[in-house]
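Dear colleague,

Please find below the structure that I promised to pass on. My notes on what was found in it follow directly after.

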Amino acid sequence: MSDSSELLLAVEFAGTGVHPASWRRDDSRAEELFTPRYWADLVGAADRAGADFAFFPDTFGVVSGENTVRGRLEAIGLAARLTTATSRIGLIPTATVTHTEPFHVAKAIQTIDHTTLGRAGWEVAVTPGVVELFGRKDEQDTASLWAEAHEAAEVAARLWDSWEDDAEIRDVATGRFIDRDKVHYIDFVGEYFSVKGSSIVPRSPQGQPLVAVTVTGEETLEFAVQRADLVRIRATDLAAAADLATRIRTRAEDRRIFVLLDVDVLLGDDAAADLARLEQWAGEPYRSDTLVHSGTPASLLE
């Protein structure tokens, strides 16, 4: 559902799968879930198959429930590890800004952009309800969380631009590695952050790494139309998805935005039986707030 004739394909790597009981499958490789080989194999296969983006979800909250995996690897660190296991796919980790300084996120994403030669992105997210993990501020409502996210994205964008393209001069004769006049303070002062800058990381290949967000309500939609390059949407039918995509593009006016529709996919020659087994393990039917495809790869293409 991009705004061009080009079809963009992304894969979200959510552990052993989006279904909470997916780790119980014989082929899940759950015993390798926290090893680099597991992720290198999966994301490397997507890279070779021609997928455009790899998303790595993350949150500060610990998932609860008897049938779920109760831990995860940190997404930015994971994406950094995969820079050498891939060659073309865009790596887009989630980094929540609720309890994270934008200076740290900006330099981490910028570093991945350097090490991938321009394949880094950042999915912006917020995490409510985990203030006890940090103990440095009170709980925020949704409007406050996303107002803070707007500021964090603005800080990151300014930091990414704080080095000019030719700031590195590496003049051996004079001993000047950079032209100090081409590295700038950003002097940002907002309601949530006050950041002088500049970045400690030189300008990266993309200049401004791709910013993504998943639209789940009005606050995220407003963030999408103002800040995002790539927007993920969730809808239970194609008509609703097309309507939401049109609303996003209309409100974005002249900004070029790519829109991806999330689809939960279960592929297999007997996908119906596979889904029934997962539901039996979970003790309830699988429910999703977006389109679900269960079938063969050929039926997915149809």
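Helices (H or I, at least four residues) and strands (E, at least two) are DSSP runs, numbered from the N terminus. With that convention, Ser 198 lies in the loop between strand S8 (194-195) and S9, and a cis peptide bond, with omega about 0°, joins this serine to Gly 197.

The model is a predicted one, in which local features need pLDDT of at least 70 and side-chain atom pairs count only at pLDDT 80 or more, while totals for chains, interfaces and linings use all residues. Residues are numbered from 1 along each chain as its sequence is written, and side-chain values use heavy atoms, with hydrogens and water left out.

Most residues other than glycine have a negative phi, and most peptide bonds are trans. Asp 187, in the loop between strand S6 (176-178) and strand S7 (188-189), has a positive phi near 50°, and Asp 187 is partly exposed at a relative accessible area of 47% (buried means under 20%, exposed over 50%, partly exposed in between, with a 1.4 Å probe and protein chains only). Glu 253, in the loop between helix H6 (238-252) and S11, also has a positive phi, of about 55°, and Glu 253 is exposed, with a relative accessible area of 65%.

As for the sheet, seven strands form an open arrangement in the order S1-S2-S3-S4-S9-S10-S11, with parallel pairing (two strands pair if DSSP finds at least two bridges between them). Strand S1 (10-12) and strand S11 (258-261) are the edge strands, each pairing on one side only. Within the sheet, strand S2 (53-56) and strand S3 (90-96) run parallel and are joined by four bridges, and Phe 56 has Pro 93 of S3 as its bridge partner.

Turning to helix packing, the axes of helix H3 (102-115) and helix H4 (142-160) come within 9 Å and cross at roughly 50°; axes are lines fitted to C-alpha atoms, for helices over the stretch in contact, and angles run from 0 to 180 degrees between N-to-C directions. H3 and H4 are therefore oblique to each other (under 35 degrees counts as roughly parallel, over 145 as roughly antiparallel, 65 to 115 as roughly perpendicular and the rest as oblique). Contact means heavy atoms within 4.5 Å, and among the residues that meet are Phe 103 and Ile 109 in H3 and Val 155 and Leu 159 in H4.

Best regards
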